Structure formats: structure tokens, C-alpha cells
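Here are my notes on this model, point by point. Please read them with the sequence and the structure open.

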Amino acid sequence: MSRPANRRPENHKISRELFVLTYGALVAQLCKDYEQDEDVNKCLEDMGYSIGIRLVEDFLARSALKKCRSYSETADIIAQGAFKMYLGITPSVTCTNAKGNEFSLILDKNPLVDFVEELPAARSSLCYCSLLCGAIRGALEAVNLAAEVTFIQDPLKGDEATEIGITFLKKVEDKKKKRNK
């Protein structure tokens with residue numbers, strides 16, 4: 001059965017609130033499944049990594065960006081492009097070292113914690129938003145940039161804002177180029 005010619009294809013977007021609530025339910029279930037916070041953090045980061053690897057293709061297709069020339073430009077694209085496109089926020093970016101390979105993304109408002117007031121006392125080492133770190137790392141590795149991505153500050157642990165640290169380690173050799181040498 002074909003679609004009527006005048007009907008536009010549906011754009012399947014979920015609301016931010018639905019995503020945030022679903023994410024909260026996911027974290028709650030992982031906390032039930034795993035006794036140790038480190039296991040939950042690892043699972044969330046691994047999920048984020050898988051999401052980032054796939055999300056970067058969508059981001060590049062929708063944004064039509066050219067290749068970044070520097071780590072600084074890459075960090076700006078993550079903040080002003082990807083975060084804005086997928087979470088509706090724009091973190092500020094600061095370079096934190098003289099080499100120009102370490103950056104902080106500072107989120108004054110983190111939508112993933114909109115409905116979370118505090119972490120339970122028994123879960124004090126839980127990094128609730130580890131998914132973000134994994135997604136950033138996965139997206140960067142998908143475009144051949146090895147990076148270490150960590151949480152520096154978390155409002156659920158009493159900090160003023162969410163701060164994510166990105167350290168670019170090196171540009172990963174493209175496997176195709178390596179074989180041709």
C-alpha cells in the first residue's frame with residue numbers, strides 16, 4: 001500500500017522530557033541489576049559509546065560540516081552543534097591546557113537531571129550521566145579522534161554545574177590509509 005502523494009514522511013522525534021524520564025528509568029533498572037556503582041557507570045558509558053558511534057553519522061549528515069582543523073574547533077562543534085541538536089542546550093567551552101588538547105564543556109543546565117533531585121546515599125559514587133561521556137567518546141572515535149572523556153563536576157554531587165572534561169589523545173590512523181602504505 002502506498003502513501004498519498006501529498007503526505008509528508010513523519011519525522012520521528014521524541015520529546016526531551018520523554019527521553020529524560022526513560023533515561024531515569026534505565027538508570028534505576030541498572031541500579032537494581034548491579035550492586036556496585038562502578039558497574040552501573042561502566043554500563044552507562046558503554047551504552048553511550050554505542051550511541052555516539054551511531055549518532056555521529058546522523059549529526060554529520062544533518063549539519064553538513066566540513067572537517068575540523070583543530071581540537072578547539074572540534075570541541076566547539078560538540079558544544080554548539082551536537083549538544084544543541086540533540087539535547088537543546090549549548091555548553092560553554094574552555095581550553096584547560098597550553099597544548100590545546102584538553103577542554104571542558106560546562107553545562108549550566110543538564111537536561112538528564114531535570115527530574116532528579118539527589119543521588120541516594122548508598123549510590124554516592126554513581127555517575128548518573130556517564131552516558132554523555134560515552135557518547136562523546138564514541139562519536140570522536142568514529143571520526144578517528146581518540147579521547148578520554150570524564151565528568152569533572154556533577155550537580156547531583158553538590159557542584160554548581162555539570163562539567164565534562166575532554167582530553168584529545170591523538171588522531172587515530174585511518175585503517176584504509178595504513179593498509180595502502
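**Notes on the model**

1. Serine 70 counts as partly exposed, because its relative accessibility is 33% (buried means under 20% relative accessible area, exposed over 50%, partly exposed in between, with a 1.4 Å probe and protein chains only). Serine 70 sits in the loop between α2 and α3; helices (H or I, at least four residues) and strands (E, at least two) are DSSP runs, numbered from the N terminus. A polar atom of the serine 70 side chain lies 3.1 Å from the backbone nitrogen of glutamate 73. Serine 70 and glycine 100 are 30 residues apart in sequence, with their C-alpha atoms 8.8 Å apart.

2. A word on the basis of these notes. This is a predicted model: local features need pLDDT of at least 70, side-chain atom pairs count only at pLDDT 80 or more, and totals for chains, interfaces and linings use all residues. Residues are numbered from 1 along each chain as its sequence is written, and side-chain values use heavy atoms, with hydrogens and water left out.

3. The overall layout comes next. The protein chain has five helices and four strands. Their order from the N terminus is α-α-α-β-β-α-β-β-α. The protein chain has 181 residues, of which 35% count as buried. Its accessible surface is about 11,800 Å², with 52% belonging to carbon and sulfur atoms; accessible areas come from the Shrake-Rupley method with a 1.4 Å probe, and for residues only the protein chains shown count as cover. Among contacts with a separation of 6 or more, 58% join residues 24 or more positions apart (contact means heavy atoms within 4.5 Å).

4. Which residues touch the most other members of the largest nonpolar core? They are Phe83, Leu105, Tyr128, Ile136, Leu140, Ile164 and Ile166, out of 36 residues. A nonpolar core is a set of buried Ala, Val, Leu, Ile, Met, Phe, Trp, Tyr and Cys residues joined through side-chain atoms within 4.5 Å. At least two residues of this core come from each of α1 (16-33), α2, α3, β2 (102-107), α4 (130-142), β3 (145-153) and β4 (162-171). Beyond four places in sequence, the contacts of isoleucine 166 include Ile78, Phe103, Leu105, Ile136, Leu140 and Val149. In soluble globular proteins, nonpolar side chains tend to be buried together.

5. Two buried polar residues deserve a look. Serine 104, in strand β2, counts as buried because its relative accessibility is 2%. Its side chain makes a polar contact with the side chain of glutamate 163 at 2.7 Å. A polar contact is a pair of N or O atoms within 3.5 Å; within protein, one must be able to donate a hydrogen and the other to accept it, and residues adjacent in sequence count only if both atoms are side-chain atoms. Asparagine 110 lies in the loop between β2 and α4 and is buried, at 5% relative accessible area. The asparagine 110 side chain reaches the backbone nitrogen of leucine 112 at 3.0 Å. Asparagine 110 also touches Cys129, Leu132 and Thr162, leaving out residues up to four places away in sequence.

6. Check the salt bridges. There are six, each a side-chain nitrogen of Lys or Arg within 4 Å of a carboxyl oxygen of Asp or Glu. Arginine 123 pairs with aspartate 37 at 2.7 Å, N to O. This pair links the loop between β2 and α4 to helix α2, 86 residues apart. Arginine 123 is buried at 12% relative accessibility, and aspartate 37 is buried at 6%.

7. Where is the salt-bridge network? It links Glu45, Arg137 and Glu141. Glutamate 45 meets arginine 137 at 3.0 Å, N to O. Glutamate 45 is in helix α2 and arginine 137 in helix α4, so this pair ties together parts 92 residues apart in sequence. Glutamate 141 meets arginine 137 at 3.5 Å, N to O. Both of these residues, glutamate 141 and arginine 137, lie in helix α4, four residues apart, about one turn of the helix.

8. Finally, inspect two backbone angles. Most residues other than glycine have a negative phi. Alanine 64 has a positive phi near 50 degrees; it is exposed, at 62% relative accessible area. Asparagine 144, in the loop between α4 and β3, has a positive phi of about 65 degrees.
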